[in-house]
Amino acid sequence: VADKIILEPAAKGYRRLPSPVQTGVGNFFSNLRLPLVIVNQFLQGQFGNAFSSAGRLVINTTIGIGGLVDVAEKVGLDEKEEDFGQTLATWGVGDGPYIVLPIFGPSNFRDTAGMLLTISTDPVNIYLADQGEGDLLMLKTAGTTVDQRAKIIDEVNALRENSVDYYAAVRSSYNQNREAAIANRDDDQLTPVPVISVEFE
């Protein structure tokens, strides 16, 4: 209900912005996530990826104007996503039951724990909270959420329209995507799921 009434309309409005603006906003929020990506890469023993991500962070924050321009990709430092849910899986923690969290969407017990770790350890969040910048924290969360939702509008709509059992289709898609992410497989062929990855983060 929240997705249909609030998030999807906001994402559709966001997609009407010029493409360079959308790209810049997406790059900016991706850059803000990099510190925790680097931490998780180290925790998973992906030291090469961690140093590559650290290079991305430095280059995009400086030359890339605070992350608005993805200069690092142009020099061969591609973006790689890692989160605490993937780290816990690498450490042997089972996924547990599939659950759908209010507002946040599809998840499981392990990934929910990972999300809570993200919320409590994100350095940008900690800084904004320490400075009493609650408005900026909410803006960051809302901006990230709308940007991520805008990227999967077409896929989610196709899933809604073509699935006999939408719930089962979302569950299957979520599980496949997470398995691919944990195994660091190319998941370009998988269907994005309608998950609201809120980044209190």
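Ile65 is found in the loop between α3 and α4, where helices (H or I, at least four residues) and strands (E, at least two) are DSSP runs numbered from the N terminus. The structure is a predicted model, in which local features need pLDDT of at least 70 and side-chain atom pairs count only at pLDDT 80 or more, while totals for chains, interfaces and linings use all residues. Residues are numbered from 1 along each chain as its sequence is written, and side-chain values use heavy atoms, with hydrogens and water left out.

The phi angle of Ile65 is near 55 degrees, a positive value in a residue other than glycine. With a relative accessibility of 58%, Ile65 counts as exposed, given that buried means under 20% relative accessible area, exposed over 50%, and partly exposed in between (1.4 Å probe, protein chains only). A positive phi of about 55 degrees is also found at Asn184, although Asn184 is not a glycine. Asn184 lies in the segment after α10 (166–182) and, at 46% relative accessibility, counts as partly exposed.

The loop between α3 and α4 (71–74) also holds Gly64, which is buried, with a relative accessible area of 0%. Leaving aside residues up to four places away in sequence, Gly64 touches Ile59, Val69 and Val71, where contact means heavy atoms within 4.5 Å. Gly64 and Asn27 are 37 residues apart in sequence, and their C-alpha atoms lie 9.4 Å apart in space.

The structure holds two cavities of 30 Å³ or more. On a 1 Å grid over the protein atoms alone, a cavity is a set of points where a 1.4 Å probe fits but cannot get out, and lining residues have an atom within 4 Å of a point. Grid points are joined across faces, edges and corners, and a volume is the space filled by probe spheres set on the points. The largest cavity has a volume of about 50 Å³ and is lined by Asn27, Ser30, Asn31, Leu34, Arg56, Asn60, Gly67, Val69, Asp70 and Glu79. Helices α2 (19–43) and α3 (47–62) each supply at least two residues of this lining, and α2 gives the most, with four residues. By class, the lining of the largest cavity has two nonpolar, five polar and three charged residues; Ala, Val, Leu, Ile, Met, Phe, Trp, Tyr, Cys and Pro count as nonpolar, Asp, Glu, Lys and Arg as charged, and the others, Gly among them, as polar.

Asn31, one of the lining residues of the largest cavity, lies in helix α2 and counts as buried at 7% relative accessibility. Not counting residues up to four places away in sequence, Asn31 touches Arg56, Leu57, Asn60, Thr61, Gly66 and Gly67.

Two helix pairs involve α8. Helix α7 (residues 123–130) and helix α8 (residues 134–150) pack at an angle of about 150 degrees, with their axes 8 Å apart; axes are lines fitted to C-alpha atoms, for helices over the stretch in contact, and angles run from 0 to 180 degrees between N-to-C directions. The helices α7 and α8 are therefore roughly antiparallel to each other, since angles under 35 degrees count as roughly parallel, over 145 as roughly antiparallel, 65 to 115 as roughly perpendicular and the rest as oblique. Val124, Asn125 and Leu128 of α7 make the contact with Leu136, Leu137 and Lys140 of α8, and these residues divide into four nonpolar, one polar and one charged.

Helix α1 (residues 2–14) packs against α8 at an angle of about 80 degrees, with the axes 8 Å apart, which makes α1 roughly perpendicular to α8. The contact is made by Asp3, Leu7, Glu8, Ala10, Ala11 and Tyr14 of α1 and by Thr145, Val146, Asp147, Arg149 and Ala150 of α8. The residues of the contact of α1 with α8 comprise six nonpolar, one polar and four charged.

Ile99 is found in strand β1 (residues 98–101). Not counting residues up to four places away in sequence, Ile99 touches Gly105, Pro106, Ser107, Asn108, Phe109 and Thr112. The C-alpha atoms of Ile99 and Ile119, which are 20 residues apart along the chain, are separated by 19 Å.

Methods
On a 1 Å grid over the protein atoms alone, a cavity is a set of points where a 1.4 Å probe fits but cannot get out, and a pocket is an open set with protein on both sides within 12 Å along at least five of seven lines; lining residues have an atom within 4 Å of a point.
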